[in-house]
Amino acid sequence: GLVMLLCSQEWQMAIQRSAGSAFNTLVAEGTKLARQGASLMTTMASDAVAHGTYQFTNYQRKNAQLQFECRYLSNQWRTQEERMCSELLAAHRRGHTEARRIWRKVSGAMSREFGPWAVTKSADELYQRLDSSFEDRLRRRLRFIPNPNGSSHPEATHTALNESPEKIDLARRLVHDSVGGIDLTKTFDEESPVPASADDEEDLEIAPDPEVAGRVVFTTECHVITPGLCVPGTLTCTKSALYFAVDESSEEYKACTPDVLALTDCLHAMWEFSSVTAVFLRRYMQQNSGAEIFFSSRSSVFFNLADHSQVRRL
């Protein structure tokens, strides 16, 4: 009977009238909650994507900044190392150049004619040539270097005439006829005196410095000009080097300050032609009597000669 009551249409209509509004309200609230949950999940998902994008962008930015700082520090360290290496190499080159200069100076002093280890090779056998690797913009070669293959060309002499007396007599007769009857039959042997020219007489009057090695080809009185000094002396030139000796007995030398003289290294000096890089004419006291000589050691010396003709000879 209860089942029939519950299944009856009147009972169902009574339940629908009493509980229909509550059921509709329940369905509406469920739908609202479902929509709010979907909206919340969409918002949380978008927030998660935005946060992930921000974190990835921040990571890339920090990574790029770190790489930039690393490259900058690496370049700084490399620059410092290269500068330090260049300074060390420059110091090594300066030391090597100074050591070579001192060695040449000491070896030159030791191997001079009156030194403890004098060079037995004759000065006539020393030859120089212009260095083709040291030129200026005008293609002028400004430095002498030793020429180990140099020669006096003895094959150019007329050895055949010296071996044939008949040809010698024929040459003398031809010269006798060409000069108008002057007697040229008189010859000069090695023991007979040879007449000297004006230049030879000037060379014979030279009293070279005992420390000068080789035959003296030019000498003159001059002044050496340095910062704070102008002292007289003798400039001597051989086939291989240039020498200067100060006149210590002169009044100008005695009037100089000893402290300044101690710092001057060209009062008694020798310069090889192989180290000469350039020679320039200078004016001193409104006169064309100066000559400045530059060397491969980045140094120079200034001489004031008697007149311009002596400068041209030098």
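This is a predicted model: local features need pLDDT of at least 70, side-chain atom pairs count only at pLDDT 80 or more; totals for chains, interfaces and linings use all residues.
Q: OK, how do β7 and β8 pair?
A: Antiparallel, over seven bridges, with β7 covering residues 276-284 and β8 covering 287-295. Strands here are DSSP E runs of at least two residues and helices are H or I runs of at least four, numbered from the N terminus. Two strands pair if DSSP finds at least two bridges between them.

Q: Which residue in β8 is the bridge partner of Val276?
A: Phe295.

Q: And what's in the turn of that hairpin?
A: Two residues sit between β7 and β8. Met285 is in that loop, and its phi is near 55°, a positive value in a residue other than glycine.

Q: Is Met285 buried or exposed?
A: Met285 counts as exposed because its relative accessibility is 64%. The cut-offs are under 20% relative accessible area for buried, over 50% for exposed and partly exposed in between, with a 1.4 Å probe and protein chains only.

Q: How many bridges join β8 to β9?
A: Five, and β8 and β9 (residues 300-304) run antiparallel. Ala291 stands opposite Phe303 in β9. β8 and β9 form a hairpin with four residues between them, and Arg298 in the turn has a positive phi of about 65°. Arg298 counts as exposed, at 85% relative accessibility.

Q: Switching to Glu292, where is that one?
A: Glu292 is in strand β8. Glu292 counts as buried because its relative accessibility is 15%. Its C-alpha is 6.3 Å from that of Phe303, which is 11 residues apart from it along the chain.

Q: What does the Glu292 side chain make a polar contact with?
A: The side chain of Arg282, at 2.8 Å. A polar contact is a pair of N or O atoms within 3.5 Å; within protein, one must be able to donate a hydrogen and the other to accept it, and residues adjacent in sequence count only if both atoms are side-chain atoms.

Q: Now the largest pocket: how much space lies in it?
A: About 800 Å³. That volume is the space filled by probe spheres set on grid points, which are joined across faces, edges and corners. On a 1 Å grid over the protein atoms alone, a pocket is an open set of points where a 1.4 Å probe fits, with protein on both sides within 12 Å along at least five of seven lines; lining residues have an atom within 4 Å of a point.

Q: Which residues lie nearest the centre of the largest pocket?
A: Of the 26 lining residues, Arg101, Arg104, Trp271, Ser297 and Ser299 do.

Q: Which element gives the most to the lining?
A: α2, with nine residues. α2 (9-110), β6 (268-272) and β9 each supply at least two.

Note on methods: Residues are numbered from 1 along each chain as its sequence is written. Side-chain values use heavy atoms; hydrogens and water are left out.
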